[in-house]
Amino acid sequence: MPVPLGKLVLFTSVMASGGCTLVYYLIQKSFSRASYYQLALEQLQSRPEALEALGTPLNIHYLQLTDKYNFVDIADAQLKIPVSGSKSEGHLYVSSSRDAPFKRWHLQEVFLELKDGQQIPVFKCRGENGDEVKKE
């Protein structure tokens, strides 16, 4: 018994949109588990000035995958992580790199930009090897 064309199109549309939603979710999860993402959040949580400006509780939101600032390749990662708290909201800008594929990621710079334009430095790397670090 043939399936009417309308039902076939509807079924195909539902399956395709569900598949796209699942892929989008899985990409979000893979970003949030990456070490460059986790290192940046650790730095944010260790900065009382940034936490005070945002307010508690601190909420980390999903990346906007369509934002052109978010970029990851083999050696460099650049993210704009949406964050909010009870007092304000903004974005955590992260720049990270590594020497070669499958090597450890090193943060280069992390800063918080609040919605009012205020920028709060969170982390800046000093030195060539990425080991010497400075909290601004």
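User: Which residues does Asn-59 touch, not counting those up to four places away in sequence?
Analyst: Asn-59 touches Pro-82, Val-83 and Ser-84 on that count. Bear in mind that this is a predicted model.

User: Where is Asn-59 found?
Analyst: Asn-59 is in strand β1, which covers residues 59–60.

User: Is Asn-59 buried, partly exposed or exposed?
Analyst: Asn-59 counts as partly exposed, because its relative accessibility is 34%.

User: And how far apart in space are Asn-59 and Ala-77?
Analyst: They are 22 Å apart, C-alpha to C-alpha, with a separation of 18 residues in sequence.

User: Switching to charges. How many salt bridges does the structure hold?
Analyst: It holds three. One of them joins Glu-52 and Lys-87, where the closest N and O atoms are 2.5 Å apart.

User: Which parts does the Glu-52 and Lys-87 pair tie together?
Analyst: Glu-52 belongs to helix α3 (residues 48–54), and Lys-87 sits in the loop between β3 (76–84) and β4 (89–97), so the pair ties together parts that are 35 residues apart in sequence. Lys-87 is exposed, at a relative accessible area of 54%.

User: Which residue forms a salt bridge with Asp-67?
Analyst: That is Lys-80, with 3.1 Å between the closest N and O atoms. Asp-67 lies in the loop between β1 and β2 (71–72) while Lys-80 is in strand β3, so this pair links parts 13 residues apart in sequence.

User: Buried or exposed, what is Lys-80?
Analyst: Lys-80 is buried, with a relative accessible area of 18%. Asp-67 is partly exposed at 22%.

User: What about Arg-47, which residue does its side chain meet in a salt bridge?
Analyst: The side chain of Glu-49, at 2.9 Å from N to O. Arg-47 counts as buried at 10% relative accessibility, whereas Glu-49 counts as partly exposed at 44%.

User: New topic: where is Gln-78?
Analyst: Gln-78 is in strand β3. Its relative accessibility is 30%, so it counts as partly exposed.

User: Which residues does Gln-78 touch, leaving out those up to four places away in sequence?
Analyst: Gln-78 touches Tyr-69, Asn-70, Phe-71 and Val-94.

User: Which atom of Tyr-69 lies 3.2 Å from a polar atom of the Gln-78 side chain?
Analyst: The backbone oxygen of Tyr-69.

User: Last one: how far apart are Gln-78 and Leu-107?
Analyst: Their C-alpha atoms are 9.9 Å apart in space, and the two residues are 29 residues apart in sequence.

Technical notes:
Residues are numbered from 1 along each chain as its sequence is written. This is a predicted model: local features need pLDDT of at least 70, side-chain atom pairs count only at pLDDT 80 or more; totals for chains, interfaces and linings use all residues. Side-chain values use heavy atoms; hydrogens and water are left out. Helices (H or I, at least four residues) and strands (E, at least two) are DSSP runs, numbered from the N terminus. Buried means under 20% relative accessible area, exposed over 50%, partly exposed in between (1.4 Å probe, protein chains only). Contact means heavy atoms within 4.5 Å. A salt bridge is a side-chain nitrogen of Lys or Arg within 4 Å of a carboxyl oxygen of Asp or Glu. A polar contact is a pair of N or O atoms within 3.5 Å; within protein, one must be able to donate a hydrogen and the other to accept it, and residues adjacent in sequence count only if both atoms are side-chain atoms.
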